[in-house]
Amino acid sequence: MSRTGYNLRTNYLESNEVIRRPYQKVLVAMVLAVAVLLPAATSTFFVHLLNLCFLSAIGALGLMLLTGFCGQISLGHAAFLAVGAFTTVILTVHVGAPFVVVIPAAAVTGAVLGFIIGLPSLRFRGVYLAIITLAMHYTVIFLATSYQANFAKSASAGITIPDPSIGPLVIKGEYTWYYFSLVLLTLVTIWCVNLIRTRPGRAWMAIRDRDIAAEALGINLTRYKLMAFMVSSTLASVSGSLLAYYSNVVTVETYTIDLAVIYVAMIIVGGMGSILGALMGAIFMTLLPFGIDGLFSYLPREWRYGSTVFGVQVGAVGICIILFLLIEPKGLAEIWRRIETYFDRWPFRYRPLDTTRH
Amino acid sequence: MPLEVQNLTLKFGGLTALNGVNLSVGDGELIAIVGPNGAGKTALLNCINGVYRPTSGRIVLNGQDITTVPIDKIALAGVGRAFQHAELFPHMTVTENLLVGRHLLMKTGVFSGAFYFGAAKREESIERKAIEGIIDFFELYQYRDVTAANLPYGVQKLVGVARALALQPKLLLLDEPSTGLTREEKENFARFLLRIHHELRLSMLWIEHDMQMVADLADRIVVLSYGEVIGEGPPEAVRKMPKVIEAYLGVD
């Protein structure tokens with residue numbers, strides 16, 4: 001619930017606006033301006049990290065639509081990323097298809113697989129659905145492993161793929177990729193926000209909240225659940241394809257069940273049912289291992305074994321999920337909302353009204 | 001005849017929830033269903049609504065047999081339902097809840113929705129205006145942007161009715177809309193019920209426990225007990241039926 005001062009509206013579409021308050025518009029403009037200027041002020045390595053954040057955020061948005069908005073649990077997100085990556089491999093290595101063909105192809109493959117995986121969601125929910133998506137994960141990984149072993153000879157270290165190019169423009173190097181992924185992420189975010197504020201998004205949220213009531217209002221559960229799975233897996237697959245292009249190398253070892261859990265962690269840490277949360281969670285979870293790595297460099301040398309660092313990185317993901325679920329189940333997006341409320345009411349320090357969505 | 005229920009029987013294993021129920025709702029008629037707990041009132045609505053598939057019998061809506069039609073298609077055929085516990089979408093605002101009610105009247109799909117500008121935006125504007133009419137009808141002005149979970153219970157139930165009305169049904173099913181309301185909220189609700197009845201002239205099937213309210217407002221009363229219709233007719237007549245007094249009303 002927003003405060004009365006901001007509720008003065010003069011036309012019906014204003015209640016559908018995403019950025020409602022003047023200062024929020026300024027804030028978004030500032031964030032975008034900083035994002036555009038940032039590469040000039042930081043190291044190549046940090047730009048590389050941001051690229052990883054942006055590209056995985058596309059996948060996180062997909063999972064957020066499915067789990068955060070449509071309420072369907074999926075542990076198969078890593079498999080959807082793998083599908084995108086291996087579509088890229090097959091099309092570039094065997095067919096030599098250009099980037100502008102590969103990305104739509106990855107989207108279509110993702111959508112088809114999403115449709116197939118969506119089918120059990122019509123009969124199962126909750127934990128059972130999670131197990132089915134997990135089974136799908138192992139099936140896809142099995143297929144990818146056999147492909148890598150049989151068709152990509154001498155590919156124990158992974159299959160290399162060339163830099164993508166759109167017409168004469170070759171997307172190569174951290175800086176080009178930075179602007180490319182920034183534009184893509186902005187576009188995808190706008191698409192997701194638009195979906196959420198129109199009919200399909202409302203239908204998804206209705207299914208998440210009360211599926212029988214949603215059905216009684218004429219929402220076709222089959223259709224909308226499948227649609228959510230397809231949109232989600234399309235975004236994941238495109239994200240997987242882009243990440244493959246970005247790293248120039250694809251190997252099946254990347255797509256572990258750990259990765260699927262990290263994506264789930266992204267949307268939990270970011271805050272379920274929030275597009276902003278998906279972005280924040282993706283950035284947080286992508287930077288977390290590097291942050292831990294950085295912290296370890298302050299420790300004495302004999303503590304810095306690779307296995308120790310790796311163990312702490314994996315453990316930190318789990319601890320993050322537990323801490324957020326216990327202390328702030330609505331995630332980073334909710335923390336941000338509280339900061340906003342604080343400044344909104346300054347200099348008065350009333351306790352924030354409990355208008356939280358639960 | 002907007003709704004005709006013919007010889008409807010519903011069995012769960014050995015338990016007979018409804019046994020040969022016959023019922024009809026005329027044009028613009030307000031029919032109340034009363035009966036003791038477990039009489040099968042909600043089960044009857046669930047059958048009409050498509051939540052349950054009856055064991056035998058027929059349900060005919062405006063000449064169309066909807067006995068085996070799935071839930072969402074029954075909404076499409078023109079049945080709106082307000083649930084017993086409102087069943088609002090708790091994380092969505094009142095406006096969003098009502099807009100979900102307009103789902104069948106809208107067209108925006110994934111692609112036009114994602115693009116937003118153009119057709120989707122126009123439709124949002126039109127439907128938002130239509131919703132304003134419903135907000136106006138139910139006097140929900142101050143609750144437009146309140147998340148459903150934060151609404152007082154009485155308002156939740158009102159929004160539940162408003163949401164069912166948003167899909168412009170030909171038949172409105174109300175499942176104990178006034179249960180759990182305070183005296184004032186009940187009177188307020190009665191006013192809206194009369195407005196729907198007289199201004200919109202909508203056919204309604206209304207489950208209710210408050211006999212005073214039923215006697216004052218309903219055109220006809222159907223009394224259910226153990227899954228069977230034990231009395232039917234205008235309020236004055238039904239209140240005097242010995243079987244109804246024995247099964248439900250009791251004696252002073």
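Colleague: In which helix of chain A is Phe115(A) found?

Modeller: Please note that the model is a predicted one. The helix that holds Phe115(A) spans residues 99–118 of chain A. The element asked for is helix H4.

Colleague: Is Phe115(A) buried, partly exposed or exposed?

Modeller: A residue counts as buried under 20% relative accessible area and as exposed over 50%. The relative accessible area of Phe115(A) is 36%, so Phe115(A) is partly exposed.

Colleague: Which residues make the nonpolar surface patch with Phe115(A)?

Modeller: The patch covers about 500 Å². Together with Phe115(A), it is made by Val108(A), Val112(A), Ile116(A), Leu119(A) and Leu122(A).

Colleague: How many helices and strands does chain A have, and what is its radius of gyration?

Modeller: The secondary structure of chain A comes to 13 helices and 4 strands. For 358 residues the globule rule gives 21 Å, and the value for chain A is close to that, so chain A is as compact as a globular protein of that length. The radius of gyration of chain A is 21 Å.

Colleague: Where in chain B is His103(B) found, and is His103(B) buried or exposed?

Modeller: His103(B) lies in the loop between helix H3 (94–101) and helix H4 (110–115) of chain B. Its relative accessible area is 3%, and the cut-off for burial is under 20%. His103(B) is therefore buried.

Colleague: Which residues of chain A does His103(B) touch?

Modeller: Residues up to four places away in sequence are not counted here. His103(B) touches Arg199(A), Ala203(A), Leu217(A), Gly218(A), Ile219(A) and Tyr224(A).

Terms used:
Residues are numbered from 1 along each chain as its sequence is written. Chains are lettered from A and ligands numbered from 1 in the order in which they are written. This is a predicted model: local features need pLDDT of at least 70, side-chain atom pairs count only at pLDDT 80 or more; totals for chains, interfaces and linings use all residues. Side-chain values use heavy atoms; hydrogens and water are left out. Patches are made of residues with over 30% relative accessible area and no salt bridge: like charges are joined within 9 Å, nonpolar side chains (Val, Leu, Ile, Met, Phe, Trp, Tyr) within 5 Å. Accessible areas come from the Shrake-Rupley method with a 1.4 Å probe; for residues, only the protein chains shown count as cover. A salt bridge is a side-chain nitrogen of Lys or Arg within 4 Å of a carboxyl oxygen of Asp or Glu. Helices (H or I, at least four residues) and strands (E, at least two) are DSSP runs, numbered from the N terminus. Buried means under 20% relative accessible area, exposed over 50%, partly exposed in between (1.4 Å probe, protein chains only). The radius of gyration is taken over C-alpha atoms; the globule rule is 2.2 Å times the number of residues to the power 0.38. Contact means heavy atoms within 4.5 Å.
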